[in-house]
Amino acid sequence: MKFTGQVRVPEVDHPGVPATIVVEEGQTEVFLEGESLGRWSLFDVRAARLVSSAFSLSLDGEEITFIADEPVDFAYKGVDHMAGVCARYKSMTIPRR
């Protein structure tokens, strides 16, 4: 799944950078202006809606804000998929005594 929009870094005051977020199987990859920022396992990705079209993404501890062009699509397809995969990963861990 591909989602387009803009990425902003919370600590830096600058306009958003055109971005594409690709969610495949168990990974998320972020492209800024066509260049890959990196690829993360969905086990290490957390996403939450901030307001309307803005989403907070934690990529293995690195925080970015994604302003989605299609926020409903990203919320119901992207964020839900990420959360579901993460929940499956966590359910596979060995229980501790």
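The model is predicted, so local features are described where pLDDT is at least 70 and side-chain atom pairs where pLDDT is 80 or more, while totals for chains, interfaces and linings use all residues. Residues are numbered from 1 along each chain as its sequence is written, and side-chain values use heavy atoms, with hydrogens and water left out.

The description begins with the sheet. Helices (H or I, at least four residues) and strands (E, at least two) are DSSP runs, numbered from the N terminus. Two strands are said to pair if DSSP finds at least two bridges between them. On this basis, 7 strands form an open sheet in the order 4-3-2-1-7-6-5, with antiparallel pairing. Strand 4 (35-41) and strand 5 (45-51) stand at the edges with a single partner strand each, so one side of each is left without a neighbour in the sheet. From one strand to the next, the twist averages 30 degrees; for such angles, axes are lines fitted to C-alpha atoms, for helices over the stretch in contact, and the angles run from 0 to 180 degrees between N-to-C directions.

Individual pairings show how the sheet is put together. Strand 1 pairs with strand 7 in the antiparallel sense over 4 bridges, and Arg-8 stands opposite Thr-65 in strand 7. Strand 1 is also joined to strand 2 by 6 bridges, again antiparallel; here Gln-6 has Pro-18 in strand 2 as its bridge partner. Strand 2 in turn pairs with strand 3 (residues 27-32) over 6 bridges in the antiparallel sense, and the bridge partner of Val-22 is Glu-29 in strand 3.

Strand 2 and strand 3 form a hairpin with 2 residues between them. Glu-25, in this turn, has a positive phi of about 45 degrees, although Glu-25 is not a glycine. With 70% relative accessibility, Glu-25 counts as exposed; the terms are buried for under 20% relative accessible area, exposed for over 50%, and partly exposed in between (1.4 Å probe, protein chains only). Another residue that is not a glycine, Asp-60, has a positive phi of about 55 degrees. Asp-60 is found in the loop between strand 6 and strand 7 and is exposed, with a relative accessible area of 52%.

The next topic is the interior. In soluble globular proteins, nonpolar side chains tend to be buried together. A nonpolar core is defined as a set of buried Ala, Val, Leu, Ile, Met, Phe, Trp, Tyr and Cys residues joined through side-chain atoms within 4.5 Å. The largest such core in this model has 19 residues, and those with the most contacts inside it are Ile-21, Leu-57, Leu-59, Phe-66 and Phe-74. Two or more residues each come from strand 1 (2-8), strand 2 (17-24), strand 6 (54-59), strand 7 (62-68) and helix 1 (71-91). Helix 1 gives the most to this core, with 4 residues. Not counting residues up to four places away in sequence, Phe-66 touches a set of residues that includes Phe-3, Ile-21, Phe-55, Leu-57 and Phe-74, where contact means heavy atoms within 4.5 Å.

Aromatic rings form a further theme. Rings of Phe, Tyr and Trp (its six-membered ring) pair if their centres lie within 6.5 Å; planes under 30 degrees apart count as stacked, over 60 as edge-to-face and the rest as tilted. The structure holds 3 aromatic pairs. The ring centres of Phe-3 and Phe-74 are 5.1 Å apart and the planes stand at 75 degrees, so this pair is edge-to-face. The pair links strand 1, which holds Phe-3, to helix 1, which holds Phe-74, across 71 residues. Phe-55 and Phe-74 form another edge-to-face pair, 4.8 Å centre to centre with 80 degrees between the planes. Phe-55 lies in strand 6 and Phe-74 in helix 1, so this pair ties together parts 19 residues apart in sequence. Both Phe-55 and Phe-74 are buried, and Phe-3 is buried as well. One aromatic cluster is formed by Phe-3, Phe-55, Phe-66 and Phe-74.

Polar side chains complete the account. A polar contact is a pair of N or O atoms within 3.5 Å; within protein, one must be able to donate a hydrogen and the other to accept it, and residues adjacent in sequence count only if both atoms are side-chain atoms. Glu-29 in strand 3 is buried, with a relative accessible area of 13%, and a polar contact of 2.8 Å joins its side chain to that of Ser-36. Ser-56, in strand 6, makes a side-chain polar contact of 3.4 Å with Glu-63.
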